[in-house]
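Hello,

Here is the structure I promised to pass on. Please open it next to this email and follow along.

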Amino acid sequence: GGGPPSPAALQAAKEELEALEQFERRVLPRHRQLSVARQDLGRALGLQGEGLERAITALVRAGFLVQRAEMEVDAYWFSVPGLGPAVRELVRGRRELLRLGG
């Protein structure tokens, strides 16, 4: 049964949308690298503490950030939502071309 969303769910959705909009307006135009440090992300978004944590969670959930697995645990790779399947198909296509041409 789907009744109306709770006020907390509406607030969470509003915060996620705001994080995505701020990411598009304030982070992407300024960062040309492949990754961004948490500190730089917070500065660009104008957030810290819990607000920054919620924004990062929303951006990771949406597929725009992926936490870096190296020593820099406080950094994130920029990502494109849904990119994984496209890359797999590209690799599969290249293998097929090599098989046909080789």
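Start with helix H3: Leu52, Ala55, Ile56, Ala58 and Leu59 are buried there. Why do they end up on the same side of H3? They cover an arc of only 160° around the axis, so they share one side of the helix. Turn to the other side of H3 and you find Glu50 and Arg61, which are exposed. Keep in mind that this is a predicted model.

What do the buried residues of H3 pack against? Their partners are helix H1 (7–27), helix H2 (38–45), and the strands E2 and E3.

Now the helix itself. H3 covers residues 49–62, which is 14 residues. From its first C-alpha to its last it reaches 20 Å, close to the 20 Å expected at 1.5 Å a residue. Just after H3 comes glycine 63, with a positive phi of about 95°.

Next, the sheet. Strands of a sheet pair through backbone hydrogen bonds, either parallel or antiparallel. Here the sheet is open and has three strands, in the order E1-E3-E2, with antiparallel pairing. Which strands sit at the edges? They are E1 (35–37) and E2 (65–67), and each pairs on one side only. From one strand to the next, the twist averages 35°.

Look at E1 and E3 (residues 75–78) together. They run antiparallel, and three bridges join them.

Best wishes

Definitions and conventions: Residues numbered from 1 in each chain as written. Predicted model: local features only at pLDDT ≥ 70, side-chain atom pairs only at ≥ 80, totals over all residues. Heavy atoms only, no water. Pairing = 2+ DSSP bridges. Helix = DSSP H or I, 4+ residues; strand = E, 2+ residues; numbered from the N terminus. Axes fitted to C-alpha atoms, helices over the stretch in contact; angles between N-to-C directions. Expected span 1.5 Å × (residues − 1). Buried < 20%, exposed > 50% of the residue type's maximum accessible area, 1.4 Å probe, protein only. Arc of directions from axis to C-beta. Contact = heavy atoms within 4.5 Å.
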